[in-house]
Amino acid sequence: MEPNFWLERWQENQIGFHQNQVTAHLSEYWPRLGLKAGARVLVPLCGKSLDMLWLLSQGLEVIGVELSPLAASQFFAENRLVFTTSNQENFTQYHFDQLTLMVGDFFALTKAQAGRIDAVFERASLIALPPTMRPAYAKHMETLCPQAKHLLVTMEYDTTQMSGPPFSVGQKEVEALYPGLIPLGRVDTLDSYSQFKARGLTHLAERIYGRL
């Protein structure tokens with residue numbers, strides 16, 4: 001899956017993965033990480049997720065990483081946020097308050113560029129990647145922030161009924177990719193995704209994992 005795939009999805013407005021509300025699991029599970037105000041949170045492959053604003057409202061510093069410049073511009077325009085920009089090597093950075101959205105290739109992000117990361121929130125990142133890319137993604141994540149707390153949301157469904165993205169990622173794979181993450185919860189969520197029903201799914205579960 002090449003970067004152009006996602007750039008074209010944004011250009012063609014094929015962004016069914018975007019949620020027009022904050023992820024419901026955040027308010028229930030995020031407090032369990034026990035972060036202090038001012039902690040720095042990484043949101044990889046963030047798109048224009050409203051989760052970043054929710055995290056910001058909790059007194060956290062938020063660092064989003066997104067490939068598409070269009071996603072970044074839509075995020076700030078739709079939320080009526082006044083931003084400044086700067087360049088850091090191969091990334092364009094958009095700044096608002098304690099939120100920085102870095103536009104560029106996540107796999108090119110260095111530990112020095114990311115800075116100190118106290119926690120990671122993943123909802124639409126791991127499940128956006130095909131199986132062949134997920135090990136390299138998880139390895140890079142661990143390189144960037146090996147000691148960070150972590151909240152991960154995945155999807156599980158019958159892959160004979162639908163192919164990704166978003167991809168189905170089971171518990172055994174999560175445990176292999178991210179040793180130390182533990183299951184926190186499971187929610188049946190098909191009724192929240194009419195677009196997946198239209199693609200033939202009859203069952204969909206979201207699983208929540210954490211490193212606390």
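Start by selecting R80, which sits in the loop between α4 (69–78) and β3 (84–88). This is a predicted model, so treat what you see on this tour as features of a prediction.

As a reminder, most peptide bonds are trans.

For the next stop, select E61 and R40 and show their side chains. They form a salt bridge, and their closest N and O atoms are 3.3 Å apart. E61 lies in strand β2 (residues 61–66) and R40 in strand β1, so this pair ties together parts that are 21 residues apart in sequence. Side chains of opposite charge can pair when their charged atoms come close. How many salt bridges does the count come to? The count is eight.

Time to zoom out and colour the chain by domain. Domain 1 covers 1–8 + 38–117, while domain 2 covers 135–211. Between their C-alpha centres the distance is 21 Å. Where the domains touch, 13 residues of domain 1 and eleven residues of domain 2 take part in the contact.

About 930 Å² of area is buried between domain 1 and domain 2, and carbon and sulfur atoms give 81% of it. Select F106, F107 and K111: they supply 44% of the area that domain 1 buries against domain 2, more than any other three residues. What about salt bridges across this interface of domain 1 and domain 2: how many are found? The number is zero, but two residue pairs are in polar contact across it. To see which elements of domain 1 give two or more residues to the side that touches domain 2, highlight α1 (3–11), β1 (40–44) and α5 (111–114). The residues on that side of domain 1 divide into eleven nonpolar, one polar and one charged.

Finally, show the whole chain as a cartoon. You can look for eight helices and nine strands. The radius of gyration is 16 Å, close to the 17 Å that the globule rule gives for 212 residues, so the chain is as compact as a globular protein of that length. Along the principal axes, the C-alpha atoms fill a box of roughly 45 × 40 × 30 Å.

Definitions and conventions
Residues are numbered from 1 along each chain as its sequence is written. This is a predicted model: local features need pLDDT of at least 70, side-chain atom pairs count only at pLDDT 80 or more; totals for chains, interfaces and linings use all residues. Side-chain values use heavy atoms; hydrogens and water are left out. Domain bounds come from an automatic or database domain assignment. Contact means heavy atoms within 4.5 Å. Buried area is the accessible area (1.4 Å probe) that two parts lose on being put together, summed over both. A salt bridge is a side-chain nitrogen of Lys or Arg within 4 Å of a carboxyl oxygen of Asp or Glu. A polar contact is a pair of N or O atoms within 3.5 Å; within protein, one must be able to donate a hydrogen and the other to accept it, and residues adjacent in sequence count only if both atoms are side-chain atoms. Helices (H or I, at least four residues) and strands (E, at least two) are DSSP runs, numbered from the N terminus. Ala, Val, Leu, Ile, Met, Phe, Trp, Tyr, Cys and Pro count as nonpolar, Asp, Glu, Lys and Arg as charged, and the others, Gly among them, as polar. The radius of gyration is taken over C-alpha atoms; the globule rule is 2.2 Å times the number of residues to the power 0.38.
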